[in-house]
Amino acid sequence: MAELLVRAKAHWMDDLTQKDVDKMSVEEKQSYEARSQIGDIVVVRPDGWPWGKCECLPDFIVVKVPDLAIEDAQKYEESLMDNSNEEKPKMIRFRKNALAKTDVLLAVDAKTDSVQFTKSVVIGKIAVKTGLASEVSSPKAEEIK
Amino acid sequence: MATQLKKQVCTAGGYDYTALETCMNANEQNLVTADKYFDVEIIGNNSGADPTACVIHNYTTDETRYINVYTTGAARHLGIFSTSYYRLSTGASRGIFIYAHHLTIDGLQITTTSADAIRSDDYYHNFVIKNNILKGTSGGGSGLIISQPRGTNYIYNNISYNWTADYARGLSPAGGGGDDSTNIYVYNNTCYNCYVPLDCNSSCLNFVCSNNLALKHTGGTGEGTIYRPDYAESGSNNASSDDKADDSPLTSGLINYATYADYFVDVTATSEDLHLKTDSPFIDAGANLSAVVTVDIDGTARSAPLDIGADEYFAPTNFSRGDYAALPSTEADLENIYTSGEISQVASDNADRVSQSAIAQYAIHQYKTDVGVNISWTFHWNGQSSLAPSTSVVKLQIYDIEGTTWEDLDEDNAAAANTDFDLTATVTSDLDHYKDVNNVVTCRVYQQWHE
């Protein structure tokens with residue numbers, strides 16, 4: 001009985017080049033690397049949630065999972081954190097859990113604001129991030145003009 | 001010139017977003033390149049909590065292309081934590097995690113069970129954190145942690161309380177230290193019942209700490225109510241329940257004020273109302289900071305001398321009554337001011353009432369009410385008359401400050417003598433027309449008596 005609001009659009013920082021990234025401070029670069037990506041489960045709400053006017057395409061899709069309890073789904077809102085330094089927790093990824101990008105892009109291509117899965121199917125489509133570089137897109141290649 | 005990007009949040013739906021997090025996530029962008037400032041308006045009926053922690057990051061901002069997160073109208077609290085207004089209630093997760101510059105957070109309620117309400121690490125700068133209620137528990141976390149800030153930052157009119165876990169802070173506006181370019185101004189906050197209510201442990205260019213209430217520390221005497229006040233560059237007129245408000249370089253402190261029930265409207269656990277009580281020693285005891293702190297957490301205008309803490313005390317609601325040959329044209333108090341006992345009587349919906357006879361034409365009851373920053377307000381009156389309203393109409397009016405006129409809101413021309421009847425009206429728009437500078441509106445109920 002849960003609905004997942006999933007990010008459907010690419011992040012504006014995905015267009016930055018390596019040169020742009022090299023100009024960032026250490027702190028900015030950390031935030032850049034933690035940025036949200038297509039498929040990130042941004043919020044979780046109970047069935048029948050009155051989503052806002054902008055909580056739809058092109059920014060988000062709603063994934064309805066009628067047999068997933070809201071209490072079990074709330075963990076998908078977690079960020080991937082490095083809490084090894086209690087005084088200074090570090091966010092590694094904006095979201096620890098993401099729906100498979102291919103499923104999101106299918107919904108985007110079909111201009112479908114919401115899709116429905118069973119619990120067992122959706123769990124199979126959710127990847128748990130661990131901080132690997134491959135979890136965020138690389139800086140764009142420089143163009144030669 | 002920068003243009004406005006405005007998005008609206010309401011947990012009940014009907015607006016752009018139902019969570020602050022989705023709003024902040026969807027609009028991440030380079031505001032400087034877009035030449036926009038970003039207003040995030042939390043609006044409408046938010047009786048359902050916003051349960052999702054909010055991360056504000058990956059915005060590019062500057063002085064004129066900033067982010068402003070604020071509540072308005074029915075979403076904004078009235079200076080007391082309440083489930084009737086917008087609240088970020090995030091359980092074990094941090095309320096707002098800031099990785100952004102040039103950010104204002106204004107008028108939110110944030111509560112957690114074991115995490116910081118607002119936190120920023122890593123050299124971010126130019127914050128304004130004002131008019132927020134940060135409510136904690138013994139489970140962990142602090143009200144506000146800003147670590148290693150840069151730039152110029154203002155923290156004022158916040159109420160932070162009940163952060164009682166070991167080492168918790170009510171407000172820690174510069175933990176870990178600023179640098180020789182950092183300015184931090186901490187004014188008129190109320191920090192109550194925390195392990196350390198206010199933490200000044202920081203080294204900055206300017207750390208000015210004035211007019212803050214730091215009462216009831218649950219930590220050791222080593223920490224006290226204001227931790228390391230010696231790190232403040234200057235400040236005055238703070239108040240503490242130990243002797244910290246007068247530790248150098250802080251001056252003119254009010255120290256050893258520890259009978260909390262004498263200062264606040266209510267200190268009962270779980271129903272705290274940290275507005276100042278009549279005769280509170282903190283009334284008119286502050287330094288003049290009116291260049292920055294022009295209103296209090298309720299939106300009530302501050303006037304010199306300022307009060308200490310987030311609330312500027314305002315005299316109790318003023319009710320008056322009288323009989324007049326002609327209806328008064330202004331909202332000036334009538335000839336008989338209600339006593340406090342009479343105010344209590346009319347505040348209860350029972351048979352105890354305050355009567356006003358009319359020898360000279362009009363019997364009038366007049367009610368002045370502080371409606372805070374609300375833009376919508378409902379007035380309800382229940383009473384009766386020995387002259388039947390079916391014979392002589394009873395009217396409810398409101399005074400229009402801008403138009404200097406009285407306007408009809410409701411009337412009863414049907415009730416029998418000595419029988420209860422109700423007058424009710426809701427002002428849903430333009431309430432500003434009726435508010436004075438202290439957010440007080442004036443209504444009256446009157447009946448004309450015939451010869």
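**Close-up views of a two-chain predicted model**

View 1. The model is predicted, with local features needing pLDDT of at least 70 and side-chain atom pairs counting only at pLDDT 80 or more, while totals for chains, interfaces and linings use all residues. Residues are numbered from 1 along each chain as its sequence is written, and chains are lettered from A and ligands numbered from 1 in the order in which they are written. B:Asp121 sits in the loop between strand E9 (118-120) and strand E10 (127-130) of chain B; strands (E, at least two residues) and helices (H or I, at least four) are DSSP runs numbered from the N terminus. Not counting residues up to four places away in sequence, B:Asp121 touches B:Ser147, B:Gln148 and, from the other chain, A:Lys88 (contact: C-beta atoms, placed from the backbone, within 7 Å). B:Gly175 is 54 residues from B:Asp121 along the chain, and their C-alpha atoms are separated by 9.0 Å.

**View 2. The side of chain B that touches chain A.** Here 24 residues of chain B are in contact with 25 residues of chain A. Helix H1 (20-26), strand E3 (54-57) and strand E6 (96-99) of chain B each give two or more residues to this side. H1(B) provides the largest share, 4 residues. By residue class, this side of chain B has 9 nonpolar, 10 polar and 5 charged residues (nonpolar: Ala, Val, Leu, Ile, Met, Phe, Trp, Tyr, Cys and Pro; charged: Asp, Glu, Lys and Arg; polar: the others, Gly among them).

**View 3. The largest nonpolar core.** This core has 121 residues, and those touching the most other members are A:Leu4, A:Val6, B:Ile56, B:Ile67, B:Ile96, B:Ile98 and B:Ile118 (nonpolar core: buried Ala, Val, Leu, Ile, Met, Phe, Trp, Tyr and Cys residues joined through C-beta atoms within 7 Å). Strand E3 (residues 60-65) of chain A gives the largest share of this core, 5 residues. Leaving aside neighbours within four places in sequence, the contacts of B:Ile98 are B:Ile56, B:Leu103, B:Ile118, B:Arg119, B:Ser120 and B:Tyr124. A second, separate core of 21 residues includes B:Ala363, B:Val371, B:Trp381 and B:Ile398.

**View 4. The open sheet of chain B with strand order E26-E25-E27-E32-E29-E30.** The 6 strands pair in the antiparallel sense (pairing: at least two DSSP bridges between two strands). Strand E26 (336-337) and strand E30 (405-412) of chain B stand at the edges with a single partner strand each, so one side of each has no neighbour in the sheet. E26(B) is joined to E25(B) by 2 bridges, and B:Ser320 has B:Ile337 as its bridge partner in E26(B).

**View 5. Strand E27 (residues 362-370) of chain B.** E27(B) is mostly covered, with 7 of its 9 residues buried. Strand E25 (residues 319-324) of chain B runs antiparallel to E27(B), joined by 6 bridges; B:Phe319 has B:Tyr367 as its bridge partner in E27(B). Strand E32 (residues 440-448) of chain B also pairs with E27(B) in the antiparallel sense, over 9 bridges, and B:Gln447 in E32(B) is the bridge partner of B:Ala363.

Key
Contact = placed C-beta atoms within 7 Å. Buried ≥ 20, exposed ≤ 12 C-beta atoms within 10 Å, placed from the backbone.
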